[in-house]
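Subject: Structure handover

Hi,

Here is the structure I promised to pass on. Please open it alongside this note.

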Amino acid sequence: MPDWPSEVRKLVESLGLPPAREAAIVDELAQHLSDRYEELLAGGADAEKAYRCVIEEVSDGGLGRGLKSLELARRRETAAHEGSAGWLGAFAKDLRHGGRLLRLDPGFAVVAILSLALGIGANTAIFQLLDAVRLRLLPVANARELASLRVESNTFGRTGSFTGRNPQLTYALWEQVRDQQHAFSSIAAWGSDALNSSPGGEARYVDMLWVSGEFFTTLGLQPRIGRLLSPADDRPGCGSPGLVLSDSFWQREFGGQVSALGKTVTLEGRPFEIVGVTPRTFFGVEVGRGFDVSLPICAEPLVIREKPRLADRQQWWLSAIGRLRPGWTIERASNQLATIGRGVFEATLPPQYDAVDAKHYLGFRLEAVSASSGVSSLRRRYESPLWLLLAISGLVLMIACANLANLIVARATVRQREMAVRLALGASRGRLIRQLLTENLLLAAAGAVLGAGLAQILSRGLVSFLRTQGSRWSLDLSPDWRVLACTAALALLTCLIFGLAPALQAGRTTPGEALKSSGRSLTAGRQRLGVRRALVVSQVALSLVLLVGALLFVRTLRNLQTVDTGFARDQILVAEMDLSALKLPRERRTFAKRQMLERLRAVPGVLSAADAQIVPVSGEGWNESVNVPGTAVQRKLANFNRVTPGFFKTLRTPLLSGRDFNDGDTLSTPAVAVVTKTFVRKFLNGANPVGRSFTVIQQAGRPDRVYQIVGLVKDSKYADLREEFSPIVFLPEAQDDDPDQSMHAVLRTDAPISGLVASAKQIAAERSPEVVLNFRVFETTIRESLLRERLMATLSGFFGFLAALLATIGLYGVISYMVVRRRNEIGVRMALGASRRDVLALILREAGTLLGIGLVLGTGLALLAGSAARALLFGLTPSDPVTMGIAVVSLAGIAAAASFLPAHRAATLDPMQALRED
Amino acid sequence: MRYIAANLPDREMKKGSAEMLILSLVERRPRHGYEIGKLIEGRSGGVLRFNVASLYPLLYRLEERGFVEGRWVEKAGERRRRYYRLTARGRKTLRERRSMWRDFVKAIQQITAAENA
């Protein structure tokens, strides 16, 4: 009987099967071959033939191949299963070990996590703001299809009256565009306004969003409750259309109750019925602003009664937004708008324009711009500062990382023995590096989590910093995927940046060297010191850049705060009074306003009072084209203002020659004016202005108005503190033949302002409880106009200080480390006769070299980077030598002080002690 | 004209259906490898034949996947043998494959019957 097990074993032994498995297979297959042999014998074959037949059936190699592929598949599966479990297990172990080490060194852990958290938190907060202001899409369906219209007005600018924050179109222009455009599948108009919702007394303004009928359908919005405005609501001459509320207003004023539907809201004394509420996430199309209520455009004459805007072709107050046709690009849309532009402007030419203004108007162009992230004046003002702040906080993060790298390298020196022992016991370098990186990942993760929390607090703090007495910013600061990705990326980046170099260093340790002495072999130490030196130099350089930046912004703020404004801004209250409820006829208005002013002047504590159409630095303005007969000055723009006698005295603007307005200036006497020095320089060539005259161009068909100059005042700021002095013409209020119904009383007082407010309210109430009031402290208005500069100065100052602190700590650490490393050498030097002063000089020279290189590099970087901030500076250039000098000296001073401590320690070493150590 | 060749069926067809054959043969009662091979040859009239090299790797694969379960059984007077029985999972798989095979064969028959008609 053949030995079938042996035959089978020959076939399978080369497969490398586990012994138990091989034995089982041999057993089973041997039995099968034996059965086959018996079968052949029973069939009549002789033993020899039967044996050969059976062997042939198994010798073609098929059995081996089949079993081999089976075994390989089984091994792959096992390896994959064990591999993943193995990798995860090692990672978990590293995490636990890293956590333990950090608990044992809480000082390091706290410093590391805090500096990371601060850096990551600041970066994320600013990115979050940027995201909300610039990057995030409008919360409507398919926001990328949205585009808005703009009038490209060439160099001459548009003429007329501008209201709202984004006045691109007049109503006439909107109608033409709506009817003739082909670029948009759906287009709508909107405008912003502030309307008074209180019946009298102090005003309560609500933010109004005027919309055309297609606005909500164009944006694809569904109502939260009730219904939204539709084209049926926006018909010319609409009687009393429904009112739509924003979700936030509905929550605030009506407690989010469905019963709000059918109730009314009073605007400018007129009630409107609530028909619906917009979705929770919808804030309008202006990023940074919300709205409270919305009415169709046709209702505008119902609330703006004296000078309604619908019929006036010179009132610019609307914007247009629409959805581009499928497949249309912005360029294609602009081209289509350009083709209809001429016709549109011809059809809407204001009849009051003279030939020159008409020519300019007909030269305007229409174009489309993307509106996927809405429009925003917040964006216009704050986008570049925010990008700059992001760059600054990025630099701070880099400095923090460099500091941490330094700390970790120092730690690695201490842990050299531990690494050496582990290498000697068989750990791979890769494993060591992985463990070190995992520890850093732990730090980065903790820093990121804390930083994310800090970011929420910081960004909300920033937004409330930006809020002023006059405006309400609202931004959606809920973190979206971009912000979270930013934080995660920052964490990962910091892990790599400050973890990799030291980890690779540790991996290069030779166990033998490290175990021999106390780990202070010169070569390894020198390498490490080189890395730390490079880190410190880079820290110093970056800190200098940040310090220079901070100083530039702080000095800009200081320059603006101390700039000569031409008036004294303290102790002034501005009381806006709207007398339209009194329904005074035109000819009685000036008298009524004068009476009010007299009563205000009589209040105890009021030193002087005057009325002005435009309060300086309020953002409002009025300009006209001026001719000076007999000179080359033709159609030159000057700023205008209408004031009562006593205005210059109230604002303490010096009268330089001639006289102020007085009661003798009336409608029946020749028109007079008071001008500023810049007007004299630009319009009259510096000649004495008193007695000279000029003309103001009027509407088509009317003769130019002639004014005689009776006084000259000092230059003063008109709309903005940053502007150069502009030519200003003051006209007397008493000679206004078309006075409006509101006044801006400017009151100078030596009493507390709150008391004055109460008196003013009382005076107004006595005249009529329906007079609407609004109060502003002049100094606050001016301070708030510098908000952007204050933001930059505060934050860059904070970051600059932080950077300097971090760099100083870094330098201190490196110099201390160097002293420790060279103790032996110092001991030898002192034993050989070096004095303490020599040692001090040695150490300080080292520190000075590092500092010097860092400062030189930093100065170069600061000069390069400075141009990015040029537009935000005032009164100085980015390469201002005084600023540079202060920054260099300050940083050098702090750094020198930080280096002195370890240098002093070295100089006071006991040489015997130092020599005794190995 | 016969539409199934008298030669041995194509290799691929054999491979795909081989597992189903084995599972169906151990459906009623456990069998050992030699018995399974003889049954396949016998019931197919010699058309299908599995030798050691092709049968056992297949059996072991089915066992790996949990469709069959192998057990050593020692009967009086005989060498011990490994018997394979169908598991619940194997029973489910057999049901599915039988259904697929039925649909396949029906489709083939319909096409070729139409040709012949």
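Below is what I found, from the whole chain down to single residues.

**Ground rules.** This is a predicted model: local features need pLDDT of at least 70, side-chain atom pairs count only at pLDDT 80 or more, and totals for chains, interfaces and linings use all residues. Residues are numbered from 1 along each chain as its sequence is written, chains are lettered from A and ligands numbered from 1 in the order in which they are written, and side-chain values use heavy atoms, with hydrogens and water left out.

**Overall.** Chain A has 27 helices and 24 strands. These are DSSP runs numbered from the N terminus (helices: H or I, at least four residues; strands: E, at least two). Chain A has 918 residues, and 51% of them count as buried. Buried means under 20% relative accessible area, exposed means over 50%, and partly exposed is in between (1.4 Å probe, protein chains only). Take the contacts between residues at least 6 apart in sequence: 80% join residues at least 24 apart. Contact means heavy atoms within 4.5 Å.

**Cores.** A nonpolar core is a set of buried Ala, Val, Leu, Ile, Met, Phe, Trp, Tyr and Cys residues joined through side-chain atoms within 4.5 Å. The largest one has 143 residues, and F679(A) and F694(A) touch the most other members. Beyond its neighbours within four places in sequence, F679(A) contacts V626(A), A638(A), L684(A), F694(A), I709(A), P727(A), I728(A) and V729(A). Another core, of 55 residues, lies apart from it and includes L173(A) and F272(A).

**Helix pair α25 and α26.** Helix α25(A) covers residues 836–866 and α26(A) covers 881–907; they pack at about 155 degrees, with axes 9 Å apart. Axes are lines fitted to C-alpha atoms, for helices over the stretch in contact, and angles run from 0 to 180 degrees between N-to-C directions. The two helices are therefore roughly antiparallel. The cut-offs: under 35 degrees is roughly parallel, over 145 roughly antiparallel, 65 to 115 roughly perpendicular, and the rest oblique. Residues that meet here include L844(A) and L851(A) from α25(A), and A895(A) and S899(A) from α26(A). By class, the contact has 18 nonpolar, three polar and one charged residues. Ala, Val, Leu, Ile, Met, Phe, Trp, Tyr, Cys and Pro count as nonpolar, Asp, Glu, Lys and Arg as charged, and the others, Gly among them, as polar.

**L811(A).** This residue lies in helix α23. L811(A) is buried, at 1% relative accessible area. Its contacts outside four places in sequence are V536(A), L850(A), L851(A), A895(A) and S899(A). L851(A) and A895(A) also take part in the α25(A)–α26(A) contact. The C-alpha atoms of L811(A) and N406(A) are 9.7 Å apart, yet 405 residues separate the two along the chain.

**Helix pair α6 and α10.** The axes of α6(A) (171–180) and α10(A) (330–347) come within 10 Å and cross at roughly 140 degrees. That makes the pair oblique. L173(A) and V177(A) are among the α6(A) residues in the contact, and I340(A) and V344(A) among those of α10(A). The contact holds six nonpolar, three polar and no charged residues.

**Loops.** S785(A) sits between α22 (778–784) and α23 (787–821). At 16% relative accessibility, S785(A) is buried. R635(A) is partly exposed at 27%, as is R652(A) at 48%.

Best wishes
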